[in-house]
Amino acid sequence: MVAPLLDHSHNAIRHMQSMTARPFPPDDEQALRRAVLERPDAAHAHAALASFLCGAGRADEALAHLDHERVRRPASIWPLSIKAGILSAERRAAEAIDVHNLLVAMAPDAPPLWSNLGGDLAAVGDTVRAAAAYRRAAALAPGFGAAWLGLANLRIAPLSTEDIAAMEQALRNPGDPYQKVQMLFALGRSYGDLGAFDRSFKNFSEANSLREKLVPYDSGRLAALVDAQLTLPASFFSEQPDPQADGAGAIFIVGMPRSGSTLVEQILDSHPDIEGMGELFALQDIASSLGAFESPAIFIRRLETLAHAETERLGRHYLAATGRFRTTRRPCFTDKMPANWRFVALIHRILPGARIIDVRRDPLACCFSAYTTYFNRHTDFPNTLEDLGEYHRHYIRMTKAMEASLPGRLHRLDYERLVSDSEREIRALLDFLGLPFSPSCLDPQANSRAIYTPSASQVRAPIRAMGDKWLDYEAWLQPLRNALAR
C-alpha cells in the first residue's frame with residue numbers, strides 16, 4: 001500500500017487542502033471513521049479520513065490523527081507521508097521539511113520522497129538543497145519526471161547534456177504518463193537553454209499533446225460561461241459597495257497564467273498590511289456549488305436571485321475557508337488564483353468590499369510562456385496554441401466587460417510597465433488598495449515566504465522583465481497569432 005500512496009501524494013493532497021471547507025454531512029465522517037476502524041492497517045483509509053478533515057478546515061485534527069498512527073506504527077512510512085503533504089498544503093513548509101527529512105532517512109531509496117523534499121525546499125528558496133534532493137530522486141529513478149521538472153524550474157543552472165541524455169533514455173521506456181509529460185516539459189526547457197529551439201519546441205508540443213489526452217480541455221464550456229455572464233443586466237452591478245463591506249480585506253489577483261501575478265503577490269506580501277496567501281480554491285468551490293461548471297445558465301440565474309442572507313453566508317464561508325491559512329494579523333490578504341477572472345461577478349455579489357487586480361502581459365509572451373509550463377492533472381487549461389489564443393480572447397472579453405460594469409473595482413496592472421517603472425506602478429497599485437506606500441515593496445526578493453508556483457525562483461530576484469523568449473520560437477507560433485487575432 002505504501003508505493004501508490006507516496007507517488008504524487010503532494011499534488012493530490014495539496015490540491016485537496018486548497019479547497020474550501022465544506023459542510024459535509026456527519027454521516028460521511030462517520031463512514032470514514034468506520035472504515036479506519038474496520039481496516040486499521042489500510043493507509044488509504046487513513047488518507048481519506050485525513051483528507052476529509054482537512055477539507056472541513058480541521059487540519060490540526062488530521063495531523064493529530066496521523067501522529068497517533070505514527071506512534072502505533074513507528075516503522076511505517078505512510079503516516080509521515082500523509083502528514084508531510086498536509087503540512088505543505090497548509091503552507092507550513094518548515095514543518096513539512098522536517099517531516100520530509102525523517103521520511104528520506106527511513107526510506108532513502110524512494111524517489112517520490114526525495115522529490116517531495118525538493119519541492120518544499122524550493123518553496124522556501126533553498127535551491128541548493130532542493131537541487132540535491134531532486135537529483136537524488138532522478139538518480140534513483142531516471143524516469144521520474146517530477147524530479148527533472150523540479151530541477152528545470154529551479155533555474156539555477158541549465159540542465160547538462162548528460163541530464164538530457166538521461167531523460168531521452170528514460171523516455172524510451174516510459175511508465176506513468178504524467179511523469180512523461182513532466183519530463184518532456186523539462187526537455188523543452190533544457191533544449192531551449194542550449195539554443196536548440198527546434199528540438200525544444202518539439203518537446204513542448206509533444207508534452208502538450210500528451211497532456212491533452214490525459215486532461216482534455218473543453219473550450220466550449222469556458223465560452224458558455226463567459227457568454228452567460230455577459231448577459232447579466234446593468235442592475236446586477238448597479239449597487240455601489242460600502243468600502244467597509246464584507247471582504248474589504250480581500251485582494252484578488254487575476255489574469256492569465258505566466259502574466260506576472262506571482263511577482264505582484266510577492267510585492268504586495270512585502271507590504272506590512274498585506275499577507276500573501278498564494279493560490280486559493282475557495283472562490284472556485286463556491287462557484288461550483290452554484291452550478292458554474294455544470295450549467296452556466298443556472299449559475300447566472302443563481303447569481304441574480306441570491307437573497308441578501310445567502311450572499312452574506314457565502315461571503316462569510318469564503319472568508320472562513322481562506323482564513324484558516326492566515327498566519328498573521330495583517331488587515332489585508334491576497335487570493336492569487338489567476339483563473340478567478342471568470343468569477344468577478346460572483347466576487348461582486350458575495351464580497352462587495354473586495355478589490356481585484358487584473359495583471360496583463362504581452363499576449364504572445366504570456367500565452368507562449370503558459371504553453372511551456374506544466375499544469376497538473378487538476379488544472380483545466382488549454383493544451384494547444386489555438387486554444388490558448390481563444391482562452392486569452394475570452395479573458396479579455398470578460399475583464400473588459402467587468403471593468404465597464406464595475407468602474408473603480410478592477411485595477412489593470414501592466415506587467416511591462418511594472419518591471420520598467422516599478423515605483424510608479426507600485427504606488428498606483430497601493431493607491432488603488434487604499435494603502436500607504438512602503439519601500440519594502442520595491443525589494444520583493446528580500447521576502448522569504450514560501451512560494452509554491454513555477455515562478456518561485458524568478459520572484460526571489462530583483463524586479464526585472466522575464467524576457468521575450470517567445471521570439472526564439474516565432475517560427476512555430478503562427479497558430480497562436482491567428483487565434484489571438486480572431
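The largest nonpolar core of this predicted model has 127 residues, and among its members Phe252, Phe299 and Leu346 touch the most others. A nonpolar core is here a set of buried Ala, Val, Leu, Ile, Met, Phe, Trp, Tyr and Cys residues joined through side-chain atoms within 4.5 Å, where buried means under 20% relative accessible area, exposed means over 50%, and partly exposed lies in between, with a 1.4 Å probe and protein chains only. Leu346 is in contact, which means heavy atoms within 4.5 Å, with Leu283, Ile286, Ala287, Leu290, Phe299, Leu303 and Leu351, once its neighbours within four places in sequence are left aside. A second, separate core of 25 residues includes Ile267, Leu418, Phe432 and Val459. In soluble globular proteins, nonpolar side chains tend to be buried together.

Because the model is predicted, local features need pLDDT of at least 70 and side-chain atom pairs count only at pLDDT 80 or more, whereas totals for chains, interfaces and linings use all residues. Residues are numbered from 1 along each chain as its sequence is written, and side-chain values use heavy atoms, with hydrogens and water left out.

The structure holds one cavity of 30 Å³ or more, and the largest cavity has a volume of about 30 Å³. On a 1 Å grid over the protein atoms alone, a cavity is a set of points where a 1.4 Å probe fits but cannot get out, and lining residues have an atom within 4 Å of a point; the grid points are joined across faces, edges and corners, and the volume is the space filled by probe spheres set on them. The lining of the largest cavity consists of Asn208, Arg211, Ala370, Tyr371, Thr373, Phe375, Phe381, Pro382 and Asn383. Two or more of the lining residues come from each of the elements α13 (197–214) and α21 (363–371), helices being DSSP runs of H or I with at least four residues, numbered from the N terminus. By type, the lining divides into five nonpolar residues, three polar and one charged, where Ala, Val, Leu, Ile, Met, Phe, Trp, Tyr, Cys and Pro count as nonpolar, Asp, Glu, Lys and Arg as charged, and the others, Gly among them, as polar.

**Residues in helices**

Ser261 has its place in helix α16 (residues 261–269) and is buried, with a relative accessible area of 4%. Not counting residues up to four places away in sequence, Ser261 touches Ile253, Lys336, Pro338 and Val359.

Glu69, in helix α5 (residues 59–72), also counts as buried, at 2% relative accessibility. Leaving aside neighbours within four places in sequence, the contacts of Glu69 are Pro40, His46, Trp78 and Pro79, and its C-alpha atom is separated by 9.2 Å from that of Leu80, eleven residues apart along the chain.

Leu32 lies in helix α3 (residues 26–38) and counts as partly exposed, at 21% relative accessibility. With neighbours within four places in sequence again left aside, Leu32 is in contact with Ala48, Leu49 and Phe52, while Leu32 and Pro112, 80 residues apart in sequence, are 27 Å apart in space, C-alpha to C-alpha.

**Residues in loops**

Asp468 is found in the loop between α25 (456–459) and α26 (478–485), where it is partly exposed, with a relative accessible area of 48%. The C-alpha atoms of Asp468 and Phe368 are separated by 9.8 Å, although these residues are 100 residues apart along the chain.

Most residues other than glycine have a negative phi, and most peptide bonds are trans. Arg91 has a positive phi, near 65°, and lies in the loop between α6 (78–89) and α7 (93–106), where it counts as partly exposed at 25% relative accessibility. Arg155 has a positive phi of about 60° although it is not a glycine; the loop that holds Arg155 runs between α10 (145–154) and α11 (161–170), and Arg155 counts as partly exposed at 29% relative accessibility.

**Cysteines**

The count of disulfides, each a pair of cysteine sulfur atoms within 2.5 Å, comes to zero. Two of the cysteines are set out below.

Notes
1 Å grid on protein atoms, 1.4 Å probe; cavity = no way out; pocket = protein on both sides within 12 Å on 5 of 7 lines; lining within 4 Å.
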